[in-house]
Amino acid sequence: MHPILLGIVVGFVITQVAVFSTTLYLHRELTHKAVMFHPVINEIFRFAVWISSGIRPRQWVAVHRKHHAHTDTTEDPHSPKILGWKKVQLMNVFLYRKAANDDTTVASYARDLPQRTTDRFFYDHAILGLGLLFTGLVLLFGFVTAGIAFGFHAILYLGLSGSVNSIAHHFGRKTFGTNSGTNVTWLALLTAGEGFHNHHHAAPTSARFSRKWFQADPGWWIIKILSSLKLADVRHSDVDKLANRVTKSSNFVKI
Ligand SMILES: [Zn+2]
Ligand SMILES: [Zn+2]
């Protein structure tokens with residue numbers, strides 16, 4: 001295969017590893033406690049997040065919980081309604097960093113995720129994780145393909161993360177009128193189900209983001225497989241039932 005094409009294919013695969021680790025581990029498990037994975041699966045996800053994104057889980061969780069708690073207000077770290085969808089799309093990584101670097105955000109929203117010893121030595125060092133990935137790619141494919149793969153992955157992952165926060169709060173369809181999230185099928189396909197953002201805001205504690213069998217929620221398919229192997233314990237998965245409960249309850253939509 002041509003080195004450029006190979007670089008793009010490898011970069012796409014790495015992005016998908018990052019996307020699945022983000023939605024399954026950071027989002028559905030750590031943030032919303034919608035599913036609990038076996039400790040071994042958690043360590044694999046933890047490592048995958050580290051080398052593919054350098055994200056510190058407690059920071060991601062805090063920023064995302066703040067988004068749910070203050071959606072579309074000035075307290076929302078990345079609201080298209082406040083900032084405009086283009087700014088959120090293009091500046092998402094900087095908006096994220098600004099909120100993540102605020103220690104009060106982590107202290108208020110991620111108290112359940114204290115820094116661990118492995119975090120101090122390894123996982124809190126993004127450069128180390130990303131450097132490990134890049135070194136591995138160079139050893140496997142050579143410098144040119146590794147550079148293209150790494151660059152393509154960085155652009156695609158940052159672009160898709162921005163799209164969930166911008167496009168899936170601005171374009172697309174709404175099943176539930178109770179929130180500003182939207183459903184964008186092509187985005188769901190590329191983000192392991194995150195594109196069903198209207199469903200997700202209506203029922204944040206559901207491990208399943210889709211409502212129908214034909215809706216693309218690859219993250220949920222992986223949960224079903226892990227669950228059948230006794231490697232995942234699903235807490236909730238019925239969007240409609242949870243959404244009704246949220247509508248009836250007056251003080252929900254915190255997490
Ligand atoms: Zn949202
Ligand atoms: Zn969420």
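1. Lys 174 sits in the loop that joins helix 9 to helix 10 (185-190), in what is a predicted model. Because Lys 174 has 16 C-beta neighbours inside 10 Å, it counts as partly exposed; a residue would need 20 or more such neighbours to be called buried, and 12 or fewer to be called exposed. If neighbours within four places in sequence are left aside, the contacts of Lys 174 are with Thr 182 and Asn 198. His 197 is 23 residues away from Lys 174 along the chain, and the C-alpha atoms of these two residues are separated by 9.0 Å.

2. On confidence, the protein chain has an average pLDDT of 95, and 96% of its residues score at least 70. The stretch to read with care is residues 250-255, where pLDDT stays under 50 and where the model has 8 contacts beyond four places in sequence.

3. Two packed helices are described by the angle between their axes and the distance between the axes. For helix 5 (residues 85-100) and helix 9 (residues 143-165), the axes come within 8 Å and cross at roughly 120°, which makes helix 5 oblique to helix 9. The crossing of helix 5 past helix 9 is right-handed. On the helix 5 side the contact involves Val 88, Gln 89, Leu 90, Asn 92 and Val 93, and these meet Leu 158, Ser 161, Gly 162, Ser 163 and Asn 165 of helix 9. Sorted by class, the residues of this contact are 4 nonpolar, 6 polar and no charged.

4. A second pair is helix 1 and helix 2 (residues 39-53), whose axes come within 9 Å and cross at roughly 130°, so these helices are likewise described as oblique to each other. Here helix 1 passes helix 2 in a left-handed crossing. Helix 1 contributes Ile 14, Val 17, Ala 18, Ser 21, Leu 24, Tyr 25 and Leu 26 to the contact, while helix 2 contributes Asn 42, Phe 45, Ala 48, Val 49, Ser 52 and Ser 53. What classes of residue make up the contact of helix 1 with helix 2? There are 9 nonpolar and 4 polar residues, and no charged ones.

5. Helix 12 (residues 218-228) has buried residues at Pro 218, Gly 219, Trp 220 and Ile 223. The buried residues of helix 12 pack against helix 1 (3-31), strand 1 (35-37) and strand 2 (232-234). After helix 12 comes Lys 230, which has a positive phi, near 65°.

Terms used:
Residues numbered from 1 in each chain as written. Chains lettered and ligands numbered in written order. Predicted model: local features only at pLDDT ≥ 70, side-chain atom pairs only at ≥ 80, totals over all residues. pLDDT = per-residue confidence, 0-100. Contact = placed C-beta atoms within 7 Å. Helix = DSSP H or I, 4+ residues; strand = E, 2+ residues; numbered from the N terminus. Axes fitted to C-alpha atoms, helices over the stretch in contact; angles between N-to-C directions. Parallel < 35°, antiparallel > 145°, perpendicular 65-115°, else oblique. Left-handed = near helix turned anticlockwise from the far one by under 90°. Nonpolar A, V, L, I, M, F, W, Y, C, P; charged D, E, K, R; others polar.
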